[in-house]
Amino acid sequence: MFSVLNHLFFILLALSTIFPFVNLIAKSLSSEAAVVSGMVTLYPIDFQVGTYKYVASNSLFLNAFLVSVTVTLVGSVLALAMTALAAYPLSKQRLRGRKFFILLYLFTMLFSGGLIPTYLLMHKLDLIDKLPVLFLPFMINVYNMLIIKSYFESLPESLEESAKMDGASNMTILVRIVLPLSMPVLATIGLFYAVMFWNDYFTSLIYINSAELKPLQLYLKELFVSSTDAFLRTNVDASLNVSPQSIQAASIILATIPIIIVYPFLQKYFVKGVLVGSVKG
């Protein structure tokens, strides 16, 4: 009896997490009258796809989508590379001052300069209102670096010793031996970085002023603020029969799809990468 109730509880919990997403899809495919009247729950009423046509053809949405894709791809690749380069030497006991450098990294997890000093630094580096400001300050996440470091420490030292006997340099060993053997943890951390860059809007809110450099999440934030009747009359063809809630819902769905598509390809690495990277020995 207890087992049945336990399974029922987790089924209801899973359904409760899916409900908001299903509700958004239903709203995005329903008519204005149905959405405004509050009739839409789990299925569309007066089915229409005009909302998606509007959102997909909106130049502001498309530009913000392109900015987010660029920042996510470039930022994730660079951050993963920098994190691996920092983790590899720190995984070696023979590194002089190893504990000191690890403590320096750990210190940054507890203390930071704060928003104002960081803004002044970005200004001094001439990164304000520039695309690189959306990913350069986040090249190394210490938590992610420690996971990769622990994974590197779990690899057999004999592999590197054999490569050194054949004359391989440290960089050659890292690129040709260590990284190919570390795909589970690299895929996992890569997903962490991708989700972080894709969902980040606060950085662009602080540092970005130009409309053409605003990422998708900042666009969505402004859309929720400005989706009024006046906004619709100005920007949306009245014949589309869509509501502000429908536009918001469709925009959220389209903004969520890329991460949903990426996740299944990396899921097989996810559990193994986190488990092996978090436990030493």
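The residues lining the largest cavity divide into five nonpolar, three polar and one charged; here Ala, Val, Leu, Ile, Met, Phe, Trp, Tyr, Cys and Pro count as nonpolar, Asp, Glu, Lys and Arg as charged, and the others, Gly among them, as polar. Before I continue, please note that this is a predicted model, in which local features need pLDDT of at least 70 and side-chain atom pairs count only at pLDDT 80 or more, while totals for chains, interfaces and linings use all residues. Residues are numbered from 1 along each chain as its sequence is written, and side-chain values use heavy atoms, with hydrogens and water left out.

Let me stay with the cavity. A cavity is a set of points, on a 1 Å grid over the protein atoms alone, where a 1.4 Å probe fits but cannot get out; a pocket is an open set with protein on both sides within 12 Å along at least five of seven lines; and lining residues have an atom within 4 Å of a point. Grid points are joined across faces, edges and corners, and a volume is the space filled by probe spheres set on the points. A search of the whole structure finds one cavity of 30 Å³ or more, and the largest cavity holds about 80 Å³ of space. Which residues line the largest cavity? They are Ser68, Val71, Leu134, Phe197, Trp198, Asp200, Ser204, Pro215 and Gln217. Helices α4 and α10 each supply at least two residues of this lining; helices are DSSP runs (H or I, at least four residues), as strands are (E, at least two), numbered from the N terminus.

I turn now to the packing of these two helices. The axes of α4 (residues 59-90) and α10 (residues 183-199) come within 8 Å and cross at roughly 140°. Axes are lines fitted to C-alpha atoms, for helices over the stretch in contact, and angles run from 0 to 180 degrees between N-to-C directions. The crossing of α4 and α10 is right-handed: a crossing is right-handed if the near helix is turned clockwise from the far one by less than a right angle, and left-handed if anticlockwise. On the α4 side, the contact (heavy atoms within 4.5 Å) is made by residues including Ser68, Val71, Thr72 and Ser76; on the α10 side, Ala194, Phe197 and Trp198 are among them. By class, this contact has eleven nonpolar, six polar and no charged residues.

Helix α10 has two further partners to report. Helix α7 (residues 142-154) packs against α10 at an angle of about 175°, with the axes 10 Å apart. The two helices are therefore roughly antiparallel to each other; angles over 145 degrees count as roughly antiparallel, under 35 as roughly parallel, 65 to 115 as roughly perpendicular and the rest as oblique. Asn144, Ile147, Ile148 and Tyr151 of α7 make the contact with Pro184, Val185, Leu186, Ile189, Phe192 and Tyr193 of α10. Nine of these residues are nonpolar, one is polar and none is charged.

The axes of α9 (residues 170-181) and α10 come within 5 Å and cross at roughly 75°, which makes α9 roughly perpendicular to α10. Leu179, Pro180 and Leu181 in α9 meet Met183, Pro184 and Leu186 in α10, a contact with six nonpolar, no polar and no charged residues.

The largest pocket has a volume of about 570 Å³. Of its 21 lining residues, Ser112, Gly113, Thr118, Pro137 and Phe138 are the closest to the centre. The elements giving two or more residues to this lining are α5 (98-110), α6 (115-124) and α11 (202-207). The lining has 14 nonpolar, seven polar and no charged residues.

The second largest pocket contains about 370 Å³ of space. Its lining comprises 17 residues, of which Thr72, Leu73, Ser76, Ala194 and Val262 lie nearest the centre. Two or more residues come from each of α4, α10 and α14 (244-278). Which element gives the most to this lining? That is α10, with seven residues. By class, the lining has 14 nonpolar, three polar and no charged residues.

Finally, two points of backbone geometry. Asp46, although not a glycine, has a positive phi of about 55°, and lies in the loop between α2 (32-36) and α3 (50-57). Asp129 has a positive phi of about 60° and is not a glycine either; this residue is placed in the loop between α6 and α7.
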